[in-house]
Amino acid sequence: MTAPNAPAPSRIAARPGQSRGRLVPEEESAFRSCFQRDRDRIIHSSAFRRLKHKTQVFVAHEGDYFRTRLSHSIEVAQVARTISGALELNAELTEAVALAHDLGHTPFGHTGEDALHRLMQPYGGFDHNAQAIRIVTALERHYAEFDGLNLSWETLEGLAKHNGPVTGDLPYALAHYDACHDLELHTHASAEAQVAALADDIAYNNHDLHDGLRAGLFTEDEVAGLPIVGPCYAEVDWLYPGLDAYRRRHEALRRVFGVMVGDVIETSRGVIAAADVPDANAVRHLGRPVIRFSPVLWQDLQGVRQFLFARMYRAPMVMVQRAQATEVVDELFPFYMAQPGLLPRRWQGDVQAATNTTELARLVSDYIAGMTDRFALAQHARHLGGRGGAGSWPEHMER
């Protein structure tokens with residue numbers, strides 16, 4: 001139900017009553033919109049729970065303070081709801097896309113993805129966005145009437161192209177689904193999915209600064225020299241002289257969050273008004289995104305990203321972890337290809353149904369991609385004598 005004083009939705013907002021529906025038709029809920037049901041199914045999925053132990057930057061077992069894919073996804077959803085609400089878009093669709101956007105990530109973050117993509121080159125490659133579609137349309141198998149989560153078209157579209165149109169050679173996982181349920185990959189996504197994409201940028205830039213400071217990869221003085229960040233530290237120092245270091249950091253970085261969110265809201269309001277499109281579908285065919293940073297803030301953000309790339313993502317301690325993670329994936333993939341009978345029991349039907357090496361490789365890829373950091377380390381230790389890191393996984397427990 002809509003609150004009595006809630007603003008009317010923007011004319012470009014997605015409307016549940018006009019959804020293009022689900023691949024497998026279902027009776028609609030009497031008390032939840034289709035986008036609410038999508039969000040709830042995502043939250044209750046196995047893949048969402050596994051994000052708790054998947055790397056954001058640091059390997060998940062290195063410390064319980066650092067962000068994981070799960071905490072990151074929750075932060076993205078919070079930012080996305082704020083922006084979506086301010087722009088009078090559909091917050092439920094925005095949240096569904098935000099919560100699901102990282103479901104396809106491998107263990108060990110982008111390092112694991114890079115390794116798996118290289119190993120899968122002879123079999124169609126690997127792409128985490130396409131893998132998210134594969135998870136929610138095929139690999140989650142809990143419902144009696146369909147594989148996957150049977151999400152609405154709008155949520156699937158948002159997952160597939162929240163970063164923009166998908167053209168050229170499609171990842172096989174995305175091409176397979178698009179062939180039976182056209183997601184119009186050549187167009188832009190809804191305004192709600194565009195919000196989720198920029199909320200992702202806002203969340204990771206902010207929390208990577210926080211995690212990098214916590215890990216000692218750079219200092220407060222160094223980040224205070226960055227664009228966007230520096231003025232926020234200066235404001236805190238002016239308002240609260242002598243504030244202790246931890247509170248000073250928090251106050252400064254929450255202002256960085258606010259600057260980025262406020263910029264997207266104000267810039268996007270202007271873009272939407274200037275575009276003067278009549279409805280949600282017209283947003284898809286506009287030829288350019290309607291949710292944006294201002295040019296000035298976007299340029300400043302590049303400076304922050306360059307700093308994080310050099311001082312965090314390529315820091316010596318992180319590079320050591322990256323090398324170890326690459327070794328784990330590099331060795332697990334050929335091991336399971338040679339011995340697919342060691343995949344869990346519930347995977348064996350698919351193993352037996354595989355008619356060629358490519359189909360088997362894609363099953364092995366699905367299995368490894370679904371692993372958490374700790375499970376991948378444990379399986380590597382169990383089968384290949386690696387360090388393990390998280391101890392042995394009980395043999396009776398299936399993945």
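The model is predicted, so local features need pLDDT of at least 70 and side-chain atom pairs count only at pLDDT 80 or more, while totals for chains, interfaces and linings use all residues. Residues are numbered from 1 along each chain as its sequence is written, and side-chain values use heavy atoms, with hydrogens and water left out.

I begin with charge. Side chains of opposite charge can pair when their charged atoms come close. The whole structure holds 25 salt bridges, each being a side-chain nitrogen of Lys or Arg within 4 Å of a carboxyl oxygen of Asp or Glu.

Which residues does arginine 255 meet in salt bridges? One partner is glutamate 235, at 3.3 Å from N to O. This pair links distant parts of the chain, 20 residues apart: arginine 255 lies in helix 12 (residues 245-275) and glutamate 235 in helix 11. Helices are DSSP runs (H or I, at least four residues), numbered from the N terminus. Another partner is glutamate 251, at 2.6 Å from N to O. Glutamate 251 and arginine 255 are separated by about one helical turn, because they stand 4 residues apart in helix 12.

Arginine 255 counts as buried because its relative accessibility is 16%; glutamate 235, at 37%, is partly exposed. Buried means under 20% relative accessible area, exposed over 50%, and partly exposed in between (1.4 Å probe, protein chains only).

Finally, I turn to tryptophan 238, which is placed in helix 11 (residues 229-239). With 69% relative accessibility, tryptophan 238 counts as exposed.

Terms used. Helices (H or I, at least four residues) and strands (E, at least two) are DSSP runs, numbered from the N terminus.
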